[in-house]
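Have a look at the sequence and the 3D view, then read on.

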Amino acid sequence: MRIPWRAAPRAALSSPLTLLVSVVTALLLSFVVAAAVLHSSASGSAAIAYQQDRLCDQLLHPGLDVDKGMRAEWVDRVITAARGTAGSRPVLAATYTTEVRTDFGGRPTFAKFGYREGAVDHVTVLEGGARDGMRVPRSIADTTDLRLGERGMGGKLPPVTAIYADLDDPVDRWWCSEHQQVVPKKMTPDELTSAVVWMPSQEAFDALPPELTAVGLAMSLRFPTPAPRTASETEALLASGNALLDRIDASTAAIDPEFPELRHNVVLPLPVENAWATAGNVRAAILPLTLISLLIGLAGVGTVTTAWAQRRRTELRMLWCRGSGPWALGGRAVPELGPPLVLGGAAGLGAARLLLGGYAPSTALEPGALPLAAVEVVAVVAASLAVALAVTAFRTHRMFQAPVAGGPARRVAAAIPWELAAAVPAFLAWQRLRAGGLSAPLKIGGLPRIDAAALAFPLLVVLTTALLAARVLRVLLRASHRTSLWHRPAAQIAIRRLAATAGPVTGVLLVGVLAIGTIAVGTSVANAQKASLDEKSGLYTGANSVVRIDTALASGERELPAELRGSTTIVGVVSQYDRTALVVDPATFTDGAFPGTADPDELRALLTEPLRIGPPARREVRLPGLPPLDPRASLPSFPKVGADGYVLPRDRVDSLDGISSWYLWSTKSVADLTAPLRAAGIDYTDVQDRARAIAGLPFLTIAWTFGFVTAIGGVLAVVAAIALLLAIEVRRRQNAIAGALGTRMGMTPRMLLSSHLLELGAVAAFAVVVGSAAGAVGSGVAVPRLDPVPRLTPSPTLPTVLPLLVTTAVGSALVVLAAAWIALRSARAARIGELIRG
């Protein structure tokens with residue numbers, strides 16, 4: 001006897017739509033599971049990339065420093081020992097003298113001498129350029145009236161062959177590990193600092209006169225290496241680097257009993273810890289949504305299987321009559337639906353990997369991430385096949401063994417308020433959110449602990465609302481038989497059609513509300529975190545870029561470069577104990593300061609009078625160099641001072657010399673702010689960049705988490721659209737018969753199309769309104785409490801949802817139009833005689 005199951009794979013080709021829907025359903029299901037694994041792994045890599053951007057490249061590999069006390073005769077021995085121990089790894093050594101009074105033939109000045117391989121290639125030469133002599137900074141050359149070819153210290157020094165521009169912030173990243181040595185502190189007269197006179201070779205440095213090296217030398221050893229991309233690569237680099245430093249310590253210990261200790265310069269331990277914590281936080285936060293999406297996807301497989309069973313009803317009845325039981329008939333579904341499910345699973349894994357850059361914050365993955373995702377996809381495909389088997393067995397049992405629907409158990413199950421299963425966890429998550437969804441970090445620079453249960457609150461609100469909306473829709477459809485709108489035939493027919501397919505319609509609504517609500521939550525929380533990071537950074541620094549200047553520029557003795565006018569303002573800062581006051585110029589303050597959400601014109605008008613920032617002061621306050629402060633006007637927050645301080649206009653200050661610190665605030669970048677200052681010869685220090693002002697990794701971790709939530713919402717939206725189209729396809733015969741009979745009874749095609757648009761549009765509109773409202777409510781409650789740095793103002797606020805609402809409405813309308821067109825086309829193309837005979 002031939003086994004009919006052998007022909008099942010070929011039989012799948014007779015239903016191309018079912019085949020396509022099976023592939024797409026498995027693809028989306030596998031994509032969600034694989035993307036969850038890859039996204040959490042990529043989040044750790046993104047954390048590494050973010051922290052690397054804030055670190056010095058040459059310190060990624062642990063380095064060695066000697067701040068002072070190195071003798072000249074030890075230098076070559078240390079470098080030789082380091083290179084011999086490092087093997088093929090490059091070693092970049094630098095040696096420096098201390099600032100020593102040096103005679104260059106003109107006025108005596110203090111100078112520092114140094115050598116670092118490649119240094120001459122990373123300075124801007126102003127005069128000369130030969131490499132066989134000293135390169136002298138412009139500041140020393142101007143002070144001593146030094147000329148090319150001259151030799152200092154009575155001819156003991158090599159000739160001057162180049163004059164270069166002093167290094168100032170922001171320096172090239174090649175210099176970042178040597179910043180303390182090569183960038184002079186020009187505005188600290190109590191501290192002796194100098195730019196470096198660069199020697200042409202290590203031998204020339206070793207040959208410096210003893211009076212320049214007698215005090216002792218400073219030294220640094222760097223080991224340039226390609227930047228690691230993942231947390232595991234960074235951890236391996238840290239371990240190998242520490243081991244190398246230990247070996248160098250052992251090899252240099254015997255040089256001399258007085259040999260100074262080599263200080264280990266290691267910056268990676270906390271970034272590695274933060275990267276693993278980020279990956280763990282993201283994994284824990286997206287796990288609940290992934291499980292929910294998995295259940296929805298498996299339910300979609302069950303829906304596809306149900307549609308397949310309806311299409312194969314005749315064949316299944318024939319096999320039943322030949323003695324096949326429910327489980328055997330369930331096995332009939334596996335070889336027909338199995339290949340598309342397997343194909344969809346493989347496609348989902350491939351899509352998750354190929355689209356990684358679109359939904360994840362990085363494309364770098366840990367070595368085991370992709371194999372783990374593949375294993376989980378295999379498990380999901382196996383679960384899908386099990387669902388197909390079980391659903392077919394159950395359907396055939398209901399069709400052939402227990403055809404009578406209903407029963408007490410089913411009525412009791414329908415009456416149970418399953419919304420409580422989501423409402424109770426939502427309430428508990430709300431309690432966790434109130435208690436603090438983000439705990440304080442245990443160490444400086446560490447990440448706050450993220451409570452995954454608290455992060456799940458807005459999603460649980462959406463899930464509870466979706467379940468409640470589905471129940472409300474079922475009640476409305478059950479009571480719709482009392483509605484009489486025959487004066488509006490299209491509306492009456494749409495209502496009756498909805499009531500006749502209450503189950504599929506409810507499923508579409510449930511998934512649609514989940515999709516729209518999830519997208520709303522994901523975009524709202526992610527955008528709120530990014531906006532909060534931007535605003536907190538701006539209010540913390542006061543402007544996009546900030547530098548400290550001397551009083552001469554603030555008092556008008558020197559003019560501000562023309563390139564900075566209109567984009568820069570001068571601000572004085574006075575601090576004593578816990579009190580801070582700003583002295584501002586009302587006319588230019590809004591040109592350079594970070595305005596936040598304040599209106600520039602209103603702010604400019606307020607600044608003409610002293611302001612209290614924060615709650616009103618209870619008494620008069622006195623600060624050095626300022627008149628007594630007891631303002632009546634107030635603002636809740638202000639750049640730089642946050643939510644506690646004072647602001648007063650410059651014309652209220654008698655003497656600007658009494659202000660302790662003056663700053664330039666600018667809307668320009670740091671590079672665009674400092675370049676005109678250097679060109680004009682204006683000294684500055686304490687450079688601040690708004691992009692690097694505060695650690696943004698806690699904000700980005702939450703944003704990355706809810707970015708994945710948005711991606712899952714998009715997947716659910718596709719599932720909802722497919723479910724809607726599949727519901728139309730499943731009842732194609734009924735729609736065709738009803739439409740064909742209706743047109744022959746006088747119903748116009750326009751009226752028929754209107755009925756389908758009303759039917760499907762009502763479901764879509766219900767899903768859009770309820771999903772958007774649920775997402776807005778859940779996000780509105782959660783966003784202000786998800787503040788990684790609550791000590792800085794302002795707190796995160798819910799962004800506008802209008803663009804998302806418009807996009808969602810347009811997308812839903814397109815899906816409804818497509819589904820209505822399919823239904824109308826099947827009705828107009830139907831042959832009524834064949835349909836009735838079938």
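Cysteine 56 counts as buried because its relative accessibility is 11%, where buried means under 20% relative accessible area, exposed over 50% and partly exposed in between, found with a 1.4 Å probe on protein chains only. This is a predicted model, in which local features need pLDDT of at least 70, side-chain atom pairs count only at pLDDT 80 or more, and totals for chains, interfaces and linings use all residues. Residues are numbered from 1 along each chain as its sequence is written, and side-chain values use heavy atoms, with hydrogens and water left out.

**Cysteines and the disulfide**

- A search of the whole structure turns up 1 disulfide, a term for a pair of cysteine sulfur atoms within 2.5 Å.
- Its partners are cysteine 56 and cysteine 176, with sulfur atoms 1.9 Å apart.
- The two cysteines sit 120 residues apart and link distant parts of the chain: cysteine 56 is in the loop between α2 (16–54) and β1 (63–70), and cysteine 176 is in the loop between β7 (160–164) and α5 (179–182).
- Helices (H or I, at least four residues) and strands (E, at least two) are DSSP runs, numbered from the N terminus.
- The torsion about the S-S bond of cysteine 56 and cysteine 176 is about 70°, so this disulfide is right-handed.
- Cysteine 176 is partly exposed, at a relative accessible area of 23%, while cysteine 321 is exposed, at 61%.

**Cavities**

- There are 4 cavities of 30 Å³ or more in the structure.
- On a 1 Å grid over the protein atoms alone, a cavity is a set of points where a 1.4 Å probe fits but cannot get out, and its lining residues have an atom within 4 Å of a point.
- Grid points are joined across faces, edges and corners, and a volume is the space filled by probe spheres set on the points.
- The largest cavity has a volume of about 70 Å³; 11 residues line it, and Val505, Leu724, Ala727, Glu759 and Leu760 lie nearest its centre.
- Two or more residues of that lining come from each of α19 (502–541), α24 (697–730) and α26 (749–782).
- By class, the lining of the largest cavity has 8 nonpolar, 1 polar and 2 charged residues; Ala, Val, Leu, Ile, Met, Phe, Trp, Tyr, Cys and Pro count as nonpolar, Asp, Glu, Lys and Arg as charged, and the others, Gly among them, as polar.
- The second largest cavity holds about 60 Å³ of space, and its lining consists of Leu289, Ile292, Ser293, Leu459, Leu514, Thr518 and Leu716.

**Serine 755**

- Serine 755 belongs to helix α26 and is buried, with a relative accessible area of 0%.
- Leaving out residues up to four places away in sequence, serine 755 touches Ala490, Ile493, Ala494 and Arg497, contact meaning heavy atoms within 4.5 Å.

**Strand β12 and its partners**

- In strand β12 (residues 568–576), 7 of the 9 residues are buried, so the strand is largely enclosed by the rest of the structure.
- β12 pairs with strand β17 (residues 661–666) in the antiparallel sense over 6 bridges; two strands pair if DSSP finds at least two bridges between them.
- Valine 571 has tyrosine 663 as its bridge partner in β17.
- β12 also runs antiparallel to strand β13 (residues 579–584), joined by 5 bridges, and valine 574 has alanine 581 as its bridge partner there.
- β12 and β13 form a hairpin with 2 residues between them, and tyrosine 577 in the turn has a positive phi of about 60°.

Technical notes: 1 Å grid on protein atoms, 1.4 Å probe; cavity = no way out; pocket = protein on both sides within 12 Å on 5 of 7 lines; lining within 4 Å.
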